[in-house]
Amino acid sequence: MVSSIFLISSAVSLAAAAPHLGHGFSKAFPVSNSATCSGITYINRGLVAYGTVAADARDKFGDTLGGFGSAAAPDVSSFTWTKNGTVKGTLFATPDRGWNTEGSIDYQARVHKFELSFNPTFDSIANATENLALNYQDTTLLFKGDQPTTGLDADYTIPASNDFPVLPAGKTSGNGTVPTLDQEGLVLLRDGSYWISDEYGPYIYHFTREGQMTVAIRPPQSLVPYTDGELAFTSGNPPVGSGLDEADDPDSGRATNHGFEGLAISTDERFLTAQLQEAAVQDGGTHATRQNNTRQLTYDVTIRDHPRLVSEYIVQQPGIFDPQEKKNPRATSISDIHYLSPHQFFTMTRDSGEYINFGSNTPSTYRHIDIVSHRDATNILDQEGPAAISIAPDGYLLPNLVVEDYCPFIDFNNATDLARFNLHNGGLPYATELNEKWESIAIIPVPYGAKGHGEKEFYIVSISDNDFITQDGYYDFGRKRYADASGEEVSTQVLVWQAHLPNYVPRV
């Protein structure tokens, strides 16, 4: 297996598979492209819905809804089809740590509840009319005991106690030192509770449906950040107005701001899988051209308060050529994962640092929902121990290790799909430009009766993270107002594709 970044062109063209006929339909469904991964062929039928949420929308606590595209999870059992052609149901989504483009703030972690409704189409949208609505319904705040969580930078710790490990913490003006969360992955369980993955730790937390923390999973020592032998959970994003300098990357463990970006659970809710956004520091994680060897960890959570790590695999992210940089190829990052089968996952992979969020006209080179398979990969779990290990010193993979198979699939930047919804990749006008950050994957079965219904046909939903960028923003439960320095109003965007997923069984 090659140890350097493998280069994927933005012009990849995948062979179309034979069309799949749905029950009760006389004509074939469209095929945009297909991908075969470890012998399983997946079919992308293309973009079927698009909608937005206003940049200045607010939740019931008076705070800007903002970047709730960090993670999303549907209540699959709630989705139905109505006779007017609308598919609707309940979707939960979580923002990360609040408005943070100019520093971190005291923003209590939360989970939002929405009604998602859309009228899927394989045709073009007339007059650029949106055919999807995401209507806000409710918000659950997250606590540990009587302590509210915060989004402030994790410059402090809370000592281990009562079966909780040492926790990343921030110091607030009103509540003292409290757990800090930068939420990036969300799993909704059948009992209404949540697993949430975090960048600061990188940890995984369980919360009740009422928002109470019950479990905190600390990963192996290889992924916990240390500087000069001390825990260093800081993200390098000091509080707004503090005057503090940004912190450097740790000596080992997850790189700054590159924690557990993806989280997924098996159909039976027994196995919980998390993945680092980019390589650990000791694996090249501080070098944009060498940080592609990320780690994917799976826990047996059958006994929720006694999780057991059962596997650790390496996913080698694709590399891209960035014309703005002198050194290439650049590693892409993962933004989410989703369980497909015991050996396969969706992985959302993308470039970053351009587009409207940064006042740039540069188009994206690579934004995909791809497929990875660890069926033939090396499980490195037995190499873990009391000290951090490296599987790719300075970014070069050890020759005895086999990484997961990587199979490109759905391309966000597909010009044909985007044009059907009056969207484009990069450049003016900003109003119809695709947002930079796409960080969530939710899968919903195509309901019986809906256009496109058929065996193993599913909708794949993704929501953008707009970084809370607005000129009419609020936080601290509506008491503090801000205007983002970008001068922009960045709406939240929602995309829906339809796909044939032959080996996927949804949780109901």
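These legends describe close-up views of a predicted model.

Strands pair in a sheet through backbone hydrogen bonds, and the pairing is either parallel or antiparallel.

**View B. The pairing of strand 19 with strand 20.**
Strand 20 covers residues 271-276 and runs antiparallel to strand 19. Five bridges join the two strands.

**View C. The disulfide between Cys 37 and Cys 407.**
A disulfide is a covalent bond between the sulfur atoms of two cysteines. A search of the whole structure finds one. The sulfur atoms of Cys 37 and Cys 407 are 2.2 Å apart. The torsion about their S-S bond is about 75 degrees, so the disulfide is right-handed.

**View D. The surroundings of Cys 37 and Cys 407 in the chain.**
Cys 37 belongs to strand 1 (residues 33-37), while Cys 407 belongs to strand 28 (residues 405-411). The pair therefore ties together parts that are 370 residues apart in sequence. Cys 37 has a relative accessible area of 0% and is buried. Cys 407 also counts as buried, because its relative accessibility of 11% is under the 20% cut-off.

Methods. Residues are numbered from 1 along each chain as its sequence is written. This is a predicted model: local features need pLDDT of at least 70, side-chain atom pairs count only at pLDDT 80 or more; totals for chains, interfaces and linings use all residues. Side-chain values use heavy atoms; hydrogens and water are left out. Two strands pair if DSSP finds at least two bridges between them. Helices (H or I, at least four residues) and strands (E, at least two) are DSSP runs, numbered from the N terminus. A disulfide is a pair of cysteine sulfur atoms within 2.5 Å. Buried means under 20% relative accessible area, exposed over 50%, partly exposed in between (1.4 Å probe, protein chains only).
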